[in-house]
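Good morning, colleagues. Please bring the sequence and the model up on your screens, and I shall take you through selected parts of them.

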Protein chains: 2
Amino acid sequence: MSKRGMLIVLSGPSGVGKGTVRKAIFEQDDNKFHYSISMTTRSMRKGEVDGKDYYFVSKAEFEKEIRNGGMLEYAQYVDNYYGTPLKYVNEMLDQGKDVFLEIEVNGAMQVREKCPDGLFIFLTPPDLMELRHRISGRGTDDLATIDKRMAKAVDEIEMMQNYDYAVVNDEVLNAVEKVKTIIRAERWRVKRFLPDYKKRLGDDLK
Amino acid sequence: MSKRGMLIVLSGPSGVGKGTVRKAIFEQDDNKFHYSISMTTRSMRKGEVDGKDYYFVSKAEFEKEIRNGGMLEYAQYVDNYYGTPLKYVNEMLDQGKDVFLEIEVNGAMQVREKCPDGLFIFLTPPDLMELRHRISGRGTDDLATIDKRMAKAVDEIEMMQNYDYAVVNDEVLNAVEKVKTIIRAERWRVKRFLPDYKKRLGDDLK
């Protein structure tokens, strides 16, 4: 059996552009990651596809999964559930494949507890003006909701300290390149590299 | 004043090719590192230049530096001293410049104690046959010395676990590219990134 894959978690404050960066990574020719599709109870936005952007489920269905221990992480955010079903992630990792999660900050901290060997990358805005611009620019929320989202986002930036790496999302392709560089480098982290290397050297090494 | 530079330490077992990889990095056009030249009491090899490959000094001079607390690290290896003078390294780091050390494994562990925020990269052979081939290939030592060096090298590989990253030196340019990728990624480590980022966001962030 091959060695277990790497769990890569991309997170960051609401509105920072996690989804855009994740999509750009997966659209590149050399992409070999397996994307774990999240489950949510929020309503589908224009252009979204069930089973591709999210698994869109009812509140009752989501809560049943929680009760059955079927969620790697989940969070309630602006009155909706978001979460990652555990089954697919574990299957891929066991097959030695790398799994990529793009999730909210609360969920990421739950994953950190369950999978301390994961790679945790925090996507962060160049500055707060830019973040407000992006949150407003989505055009789906009124002013009070934008203010609420902004306050929450600033709190979320504080959580950066619990991550391994932070990447500023100034330009999507810049951010994509940095995330890919981090993932490449992380494969040579001694804690990931040493078990296989010892096997390779065999009995020569104690 | 600018932020303190990053101390990058490349180490690995005797004969693995640290010097070749380091030289290749410094010969590349985009190199911005400051190389800290080591001090040694071993005799100059053919083609080596004093003040470029090493500072070649007498045993008495080296021991005087040790007594004066002037060494960041030093080690005695095959009856000779090797070490890094402290002064230049600190000056460069204080100016916000990145300093690159290529040193023996014992010395690297002394640096780790004094500079826990340094970046420690371990260069390692593809396998032990290849390492023996390289140690022999140098052509300067007899069989007994080669055996002694081999035994020491195998012990030194065990020290990999004290490093941040490990890079296999299969091909020099491969190893160079990996070392450079690691250094790039390491700039976005949260512990290095966060202090500056907080300053940038200013009062908005608590």
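This is a predicted model: local features need pLDDT of at least 70, side-chain atom pairs count only at pLDDT 80 or more; totals for chains, interfaces and linings use all residues.

Strand β8(B) and strand β9, residues 165-168 of chain B, pair in the parallel sense, with 4 bridges between them. Within that pairing, Thr124(B) has Val168(B) in β9(B) as its bridge partner.

How many of the 6 residues of strand β8 of chain B are buried? The count is 6 of the 6, so this strand, residues 119-124, is largely enclosed by the rest of the structure. Both of its faces are covered. Leu119(B), Ile121(B) and Leu123(B) lie on one side, Phe120(B), Phe122(B) and Thr124(B) lie on the other, and all of them are buried.

Let me turn to another sheet arrangement in chain B. Here 4 strands form an open sheet, in the order β4-β3-β6-β5, and the pairing is mixed. Which strands stand at the edges? They are β4 (55-56) and β5 (71-77) of chain B; each has a single partner strand, so one side of each is left without a neighbour in the sheet. For β5(B), the pairing with strand β6 of chain B, residues 80-85, is antiparallel and runs over 6 bridges. In that pair, Gln76(B) has Tyr81(B) in β6(B) as its bridge partner.

I now move to chain A and to an annotated segment. The UniProt record, an unreviewed entry, places the feature "binding site" at Gly12(A), Pro13(A), Ser14(A), Gly15(A), Val16(A), Gly17(A), Lys18(A) and Gly19(A). I shall discuss two of these residues.

Ser14(A) sits in the loop between β1 (7-11) and α1 (18-27) of chain A. Is Ser14(A) buried or exposed? Its relative accessible area is 5%, and it is therefore buried, the cut-off being under 20%. Not counting residues up to four places away in sequence, Ser14(A) touches Tyr77(A), Leu131(A), Ile135(A), Arg149(A), Ala153(A) and Glu156(A). With Arg149(A) there is also a polar contact of 3.0 Å, which joins the side chains of the two residues.

Lys18(A), by contrast, is placed in helix α1 of chain A. At 6% relative accessibility, Lys18(A) counts as buried. With neighbours within four places in sequence left aside, the residues in contact with Lys18(A) are Leu10(A), Ser11(A), Gly12(A), Pro13(A), Glu102(A), Ile103(A), Glu104(A) and Leu123(A).

Finally, the relation between the chains. Chain A can be laid on chain B with an RMSD of 0.0 Å, by a turn of 180 degrees and a shift of 0.0 Å along the axis. The two copies are thus related as by a two-fold rotation axis.

What area do chain A and chain B bury between them? The value is about 3200 Å², with 63% of it on carbon and sulfur atoms. Trp188(A), Arg189(A) and Val190(A) supply 19% of the area that chain A buries against chain B, more than any other three residues. The contact takes 35 residues from chain A and 35 residues from chain B. Of the interface residues of chain A, 100% are also interface residues in chain B, so the copies meet through the same surface.

Key. Residues are numbered from 1 along each chain as its sequence is written. Chains are lettered from A and ligands numbered from 1 in the order in which they are written. Side-chain values use heavy atoms; hydrogens and water are left out. Two strands pair if DSSP finds at least two bridges between them. Helices (H or I, at least four residues) and strands (E, at least two) are DSSP runs, numbered from the N terminus. Copies are superposed by least squares on the C-alpha atoms of residues with pLDDT of at least 70 in both. Contact means heavy atoms within 4.5 Å. UniProt positions are given in the numbering used here, feature names are shortened, and annotations may be inferred rather than shown by experiment. Buried means under 20% relative accessible area, exposed over 50%, partly exposed in between (1.4 Å probe, protein chains only). A polar contact is a pair of N or O atoms within 3.5 Å; within protein, one must be able to donate a hydrogen and the other to accept it, and residues adjacent in sequence count only if both atoms are side-chain atoms. Buried area is the accessible area (1.4 Å probe) that two parts lose on being put together, summed over both.
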